[in-house]
Structures are given as structure tokens and as C-alpha cells.
Amino acid sequence: MPSDETGRAGSPGEPLLTLDGLSIRFKGAQANVVDGVSLSVNPGETLCIVGESGCGKSVTALSLMGLLPVPPAEILSGRAMFEGRDLLGLTRRELGEIRGDRVSMIFQEPMTSLNPVYTVGDQIAEIVLRHRRIGKREARARALEMLRRVKVPAPEKRLDDYPHQLSGGMRQRVMIAMALANDPQLLIADEPTTALDVTIQAQILDLIRTLQDESGTALILITHDLGVVAEIADTVAVMYAGRVVEQGSVTSVFDDPQHPYTIGLMSSVPSLGKRTGSLATVPGMVPTVDTMPDGCRFAPRCPFASEACRREAPPLRRVDASQAPGHRVACVHAPLETTFGGVAA
Amino acid sequence: MNGKGHDNAGAGAPARGDYVLEARDLARRFKVGSSFLATPQVVRAVDGVSLSVRRGETLAIVGESGCGKSTLARLLLRLLRPSSGQVLYDGTDISDLPEREMRRLRKDLQFIFQDPFSSLNPRMTVGAIVEEPMRVHGIGTRASRPQQVADLLRRVGLRAEYANRYPHEFSGGQRQRIGIARALACGPRVLIGDEPVSALDVSIQAQVINLLEELKAEFDLTLVLIAHDLAVIRHMSDRVAVMYLGEIVEQGETDTLYDAPLHPYTQALMRAIPIPSPRSRKVDSGLTGDVPSPLAPPPGCRFHTRCPLASGICKVERPPLATVAHDRMVACHHWEEARAGIPSAAETPAHSHAAERRFALYREHSLAGTAAASDRTP
Ligand SMILES: Nc1ncnc2c1ncn2[C@@H]1O[C@H](COP(=O)(O)OP(=O)(O)OP(=O)(O)O)[C@@H](O)[C@H]1O
Ligand SMILES: Nc1ncnc2c1ncn2[C@@H]1O[C@H](COP(=O)(O)OP(=O)(O)OP(=O)(O)O)[C@@H](O)[C@H]1O
Ligand code: SF4
Ligand code: SF4
Ligand SMILES: [Mg+2]
Ligand SMILES: [Mg+2]
């Protein structure tokens, strides 16, 4: 069912989704779990959000989908412009119309979003019927087509299987089939491969990439795996304790990492190549919402922290004119060499 | 500093006495299935595994979920009894040792669990958790033990005052440190870690990996490491055994195995790892299909349903784990052909010059600040 509305995505270069200044707080918490997050994703491109457990990746994604429990959560500020509308300001009904159609989401654990009492065929058909004026037979044909596209073997048979009859990798394929059934403009995937084995993960990432090429769907992929980011992202946003601390194209962030957290994270991943010595570490741990420091939230763990860092939250800024456009970092001391001198590499 | 670089790692076949732990044709089956089924089904979780752990080495066991890694680890420590086969500790068969005698050996053989959340008793203080094995094995006295607990906590990077707190007050990384302190409490000789860092975030994972390496050297331990992260394994281990559906399919010295994996499954695993560098996009295991159910493993070679090299013989005849070079074993009918398809982990591209320079700067400054940081952070 080709979309007749592709033109609405806007001219190339214009973002499909622009999130601006999102702040969220949970009832009774001392600090915002998401604090002034701004992001954007272009049509057909992939934005990866990467960061440590608890840094606010899922909360950000859920808020875009209108799935955040409000209360206890409260959206303090922010706009999420998508196809001319603010997703954060939509009514429940308007969101219901967009969700599963223009924007869809895949979760880490497929069993939480697949209904155990319906067959996978019925579940895919259901989501098509909810948004399209077509008959049951056509919807079932669409379900079959989708299972085939996500490369489920023997799709005719699998159509009548229940979720528990499928393996983890197969369920994740079904989730992807459901999410893409209505040709969404934007797919938000929250750790879609974290629960899977690497050989299955490779198959799923490859599938996502192929489907994206075919359909032109934009993707926001949440992960904590820098390998996955390097593999699939066009742009990256590194989050730390509720804030975006660095963002830019995938090559600029990996080749010219600016934020001490990004640098620490990259150098604490062991490599598949020959061992070169003990791993660099990021000492300490992520602050909890109740012990959130003022100023730069990374300061308690940062080897470069100084007084200036603790005064106020460093804004996301471009480091210098020579830097790749769009590459921004929230660090008082970036680029580090100017203050801390070079090291012979 | 760690197991790597122990010069006995690859030098000549070790003498009998150099093995701390040995598995001989070890198997463990589980009956599963609902009570409604007339005939319960059988999972061959570990099926004919032979393996030797050398004194002082770090041996890693790698494989995907459900392949039997945890079962093998539990068998090696006799936390589970084998259905058949033997486990030897210091050359003595412990497979049938009565529990009473086993208890003495437990002092030597300790386990670190994967899940730092469920493996610590929530009703015990951290101090009591770490002290328990000392009490059980009669180490120290009631008066001396609190001091020993405090020393251990400090050694794993926690504050001594934490002894009075409860596990729920700690993060995943801290709980894993508590688990490690407990495992060290009675002076073990062998430590088996079942995915000891898998549940942790990267930045915390690196802290725990470095800690394990330091402790290994300091306490003269032999380490058996269960993991599914191939990069962590390369970093930490001297030798590697690769498992698939209850069997070992390849085994060898770490660098050799990574530089030239011979089994098609090992090759697929290597290819599937996403490399954290956007210059090397390639992830594609070259495999299709899912991991078969361990309830109904394929006949012949268990990998044949997914193997790009499978031929007629693979479907009917189980390939034995055969020695193909010094300290190198492979279970594949066509390993010589497979050799042509070796992917190379060594191709991992270096980081950009700018990135390397910042990594160096980061290291220099974090070393400079280590003393201050360890005061400030638990
Ligand atoms: N319903 C809730 N009530 C209170 N706090 C919550 C709730 N949901 C999430 N949080 C808190 O918000 C913070 C951000 O959570 P979030 O789930 O967005 O993290 P994440 O980055 O997705 O982490 P992970 O990698 O573990 O999935 C966490 O500290 C979490 O404890
Ligand atoms: N107590 C048990 N009863 C029944 N089946 C079991 C039991 N323990 C393990 N199994 C089965 O044996 C097989 C191997 O399990 P095991 O836990 O050893 O795998 P693993 O390699 O550690 O997997 P993971 O990576 O998921 O931890 C699995 O199919 C599992 O379901
Ligand atoms: S602002 Fe200061 S504390 Fe924060 S990351 Fe930069 S140097 Fe470190
Ligand atoms: S024995 Fe055959 S099926 Fe098994 S790994 Fe070797 S080539 Fe593949
Ligand atoms: Mg999350
Ligand atoms: Mg396990």
C-alpha cells in the first residue's frame, strides 16, 4: 500500500521530526530525568540515541509516542514538530491516529507488545485495518506480504502461529512487520536487538537497513551499543543523565569525539583486535535523579572537570568553524587540547 | 596484570599436573515439558564436552543463548551433577563426591553470577553476605572477620562502611563487586564467572573487567569466564572454547583463534560483531535461519541447518572435535575448506588520529586523577 502522502515529509534537508527543548520530571523527583533535549531526524535517515542505562532514552522515545505515564511523569517543556504538528500537544485521539500509521515503535522485549492470545497474522492485519479503509481479506494479504518482507520463513504457515510459538528473533521480525505495515514515515526502535544473539542481531540490523532503503522510513534507534551505532547510524546523539552531551554525523562523532563522556565510553569498549593494555574506564557511576549535580552532570566522573564546569549546564555548541556542521558538544573545555595540551598519539 | 602474557599459555603441551579442572565427555540432560505431555522431552544442555582448564590461565567459554554455557559452568563446579562423564579437580574425579566432601572443595572453587540483582540475598547486609563463606569454611574468627570483610570491600573498590547496608541500595556494578568480594572471601583457587559483566553498562563493565584482571594476578587465580561478548573475551582470556547447542565446536589459544577462526560457526560469530567504527560497516553473519531448538537438535552436525558449507555428510554424521594444529581443536567435516573463508578480526580499522589523541589525553588525565577519584567515588 504505497503512501500517497510522501510529499508531506518536506523537501530534502528539512527534518522530518524536530524535538526542541524537551524536559520531563517524575513526580517527587529532585531533578528532570530528561533535561532540555533537542534532536532531529531527516527523512529516510537513521538517528541513534546512545547512552548508559537510565539516562532517559526510553522516556524520551515514549514521550514522542504519547506513551509516557502522565502522571507520574510531567512534560515540563518541549515541542516535537512532525509533519507540521506538535506531537507533544496532540489529543489522545489524534495520537491514536498517528501511532502505528505515520509513526510506529518497536520495543526491546517483543513479548510485551505482542498479544499472546491472537495469531501474528491477526495482529498485523488489525493494525492495518485500524488505519486503512480496506477489507479483512486485503488486510490478511498485507500481513502475509509483511511477513515475507521481514523474511520469516514459511510465512503462510506462520500467519496462524501465536507469539509463543516463535523464537526471539522471529518475534522481533513480527514486531518489525507490524511496525512497518502502514509504511510509517518514522520508526522509533528502542533497543530492538539487545535481547538477541549476535548472529540474529546481525540479521535483524541488515533487515532494518534493507527495509529502510526500500521504504524511505526514517529511524530513531535507541541503543547502548556503540558497535550498533557505528553500523547503522547517519547521525548520533550521545545522552548522559538526561541531557544530550554530543551530537553530529556518525563519522564526525566517532572520528572527532569531543565530550569527555563520549571519549571515555569509546575507550572503555574492548576491541576485537589484539589486546593493547588494560581498558580505560569512566570512574564512578551515573548520578541518580536525587544526587544530580548542578552544572555539568558529568563533572563528578570527569577527569577534566574544573570550577567552571560546576557553575552552570554547558550548552550544546559548535566547537569551531572547521568542525563538521551539525556536530555539537556540551562541554566547557572542548576541544580538550586547547586547555589540557596535546599528547603524542 | 592479567592472564595474558603468562608465558605458559601457548608453550608446549602442559603436563598432567598443570590442569586444575578437566571435563571428560561431560553431559547433562534436563527433562522438560508440561505435565500434560505423556512423554517429557529431553534437552541435552551439555552433550559430550571435554575440556581442560590450565592452572593460572583464563579460559573463556563463548556461545549464543541456550547453548549450554551456564550448565557447563555449573557442572565444572559441581553445582550440578552430570548425567554422564566426569569432572576432575586437581586430577581427582569429583563427579560422584558426596556433598560432605564436596563442601571442603567449595572453598577452592567459587562462582560469580551473571545477575547482580537476584544473586545477593536482599535480607542480608553486604557485610554478612561477604562474611558468610568465611563463616561456613571456618576462616578467621568472629572478631577478626569484620576487618577481613572491610579489607575485601576496599579491595573491590567499595567503601568499608557499606558493610552495614543492603544490596538494594547499590547499582548493578556495585552489586557485581559485592559478588566478587564474596567469591574471594574464602581464598579460592578457581573462579568461574558466568557472564560477570554482561548486565553492566560499558563504562561500568570496563571497571569490573580491570578489577577481575587485577585480582586474578594478585590472588593467583585460575579464571573460567563465560561470556557472549567476543571483544570482552579477546581482551581477557588466554584460551577460548566456542559452544553451539551443547557441544564445543572449536577451541584454541585466543589470538590464534581470533586471527583465523576455523569453524564456520565461529567465523559467523566473528562476522556478526558490530565494530565500533563507522568506517567498517559490514555486519552480516552470512547466516540465515534461527538457532534450532535444543529440544530437537539437528542430526549430524548441529550447525548444518545454518551453515553455508554444509554438505551431505554434515546432515548425517556428527563431526568429532579433532586436533588440527597445536592447541587447536575443531569439530567440522570441512574445516580445511572453511579456512579459505576466514574473516579477519585483525582488519579492525584504527580510530582516526584525532580520536586516538583524545583517548590518550583522557587516559593521561584519568590516571592523574585516579587517587582523587577513588576517594570521591565508590
Ligand atoms: N514510571 C517511572 N516513574 C519514576 N521514574 C521513572 C519511571 N520510568 C522511568 N523512570 C526513571 O527515569 C530515568 C530514565 O529512564 P529511561 O527508561 O528513559 O532510561 P533508559 O535510558 O531507557 O535506560 P535503559 O538503557 O536502562 O533502558 C531512570 O532513572 C528511571 O528510573
Ligand atoms: N534446570 C533446567 N531445566 C530444564 N532445562 C534447562 C535447565 N537448565 C538449562 N536448561 C536448558 O538447557 C539449555 C542450555 O541452558 P544454559 O542455561 O546452560 O544455556 P546458556 O548457554 O547459559 O544460555 P544463556 O546465554 O541464555 O545464559 C537451554 O535450552 C535451557 O533451556
Ligand atoms: S563541562 Fe567540564 S565536567 Fe563537563 S564534560 Fe566538559 S570538562 Fe568534563
Ligand atoms: S560439519 Fe558441515 S555443517 Fe557442520 S560446520 Fe562443518 S561444514 Fe558446516
Ligand atoms: Mg530504555
Ligand atoms: Mg547462561
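Start with two helices of chain B in this predicted model: select α3 (residues 126-136) and α4 (residues 145-155). Their axes lie 10 Å apart and meet at an angle of about 115°. Angles of 65 to 115 degrees count as roughly perpendicular, and α3(B) and α4(B) are therefore described that way. Look along the pair to check the hand of the crossing, which is right-handed.

Now move to chain A and select helix α3 (residues 120-131) together with helix α6 (residues 168-180). Here the axes come within 8 Å and cross at roughly 20°. That angle makes α3(A) roughly parallel to α6(A), the cut-off being under 35 degrees. The crossing of α3(A) past α6(A) is right-handed.

Stay in chain A and select ligand 1. Which residues surround ligand 1? Show A:Phe26, A:Val33 and A:Glu52, then the run A:Ser53, A:Gly54, A:Cys55, A:Gly56, A:Lys57, A:Ser58 and A:Val59, and finally A:Glu191. By type, this shell divides into four nonpolar, four polar and three charged residues. Helix α1 of chain A (residues 57-64) gives the largest share, three residues.

Zoom in on the oxygen atoms of ligand 1. One polar side-chain atom of A:Ser58 is 2.7 Å from an oxygen atom of the ligand. Backbone contacts can be picked out too: a polar backbone atom of A:Gly56 is 3.0 Å from an oxygen atom of ligand 1, and one of A:Cys55 is 3.2 Å from an oxygen atom of ligand 1. On its own, ligand 1 exposes 630 Å², of which the protein buries 59%.

Next, select ligand 2 and the chain B residues around it. The shell holds 14 residues, and the closest are B:Gly66, B:Gly68, B:Lys69, B:Ser70 and B:Thr71. Colour the shell by type to find six nonpolar, five polar and three charged residues.

Which elements of chain B each supply at least two residues of this shell? Highlight β1 (19-32), β2 (41-54) and α1 (69-76). The largest share, three residues, comes from α1(B).

For the last stop, display the backbone of B:Gly66, B:Cys67 and B:Gly68. A polar backbone atom of B:Gly66 is 2.7 Å from an oxygen atom of ligand 2. For B:Gly68, a backbone N or O atom lies 2.9 Å from an oxygen atom of the ligand, and for B:Cys67 the distance from a polar backbone atom to a ligand oxygen is 3.2 Å. Ligand 2 has 630 Å² of accessible area on its own, and the protein covers 64% of it.

Methods: Residues numbered from 1 in each chain as written. Chains lettered and ligands numbered in written order. Predicted model: local features only at pLDDT ≥ 70, side-chain atom pairs only at ≥ 80, totals over all residues. Heavy atoms only, no water. Near = heavy atom within 4 Å. Polar contact = N/O pair within 3.5 Å; in protein donor to acceptor, adjacent residues only side chain to side chain. Areas by Shrake-Rupley, 256 points an atom, 1.4 Å probe, with all protein chains shown as cover. Helix = DSSP H or I, 4+ residues; strand = E, 2+ residues; numbered from the N terminus. Nonpolar A, V, L, I, M, F, W, Y, C, P; charged D, E, K, R; others polar. Axes fitted to C-alpha atoms, helices over the stretch in contact; angles between N-to-C directions. Parallel < 35°, antiparallel > 145°, perpendicular 65-115°, else oblique. Left-handed = near helix turned anticlockwise from the far one by under 90°.
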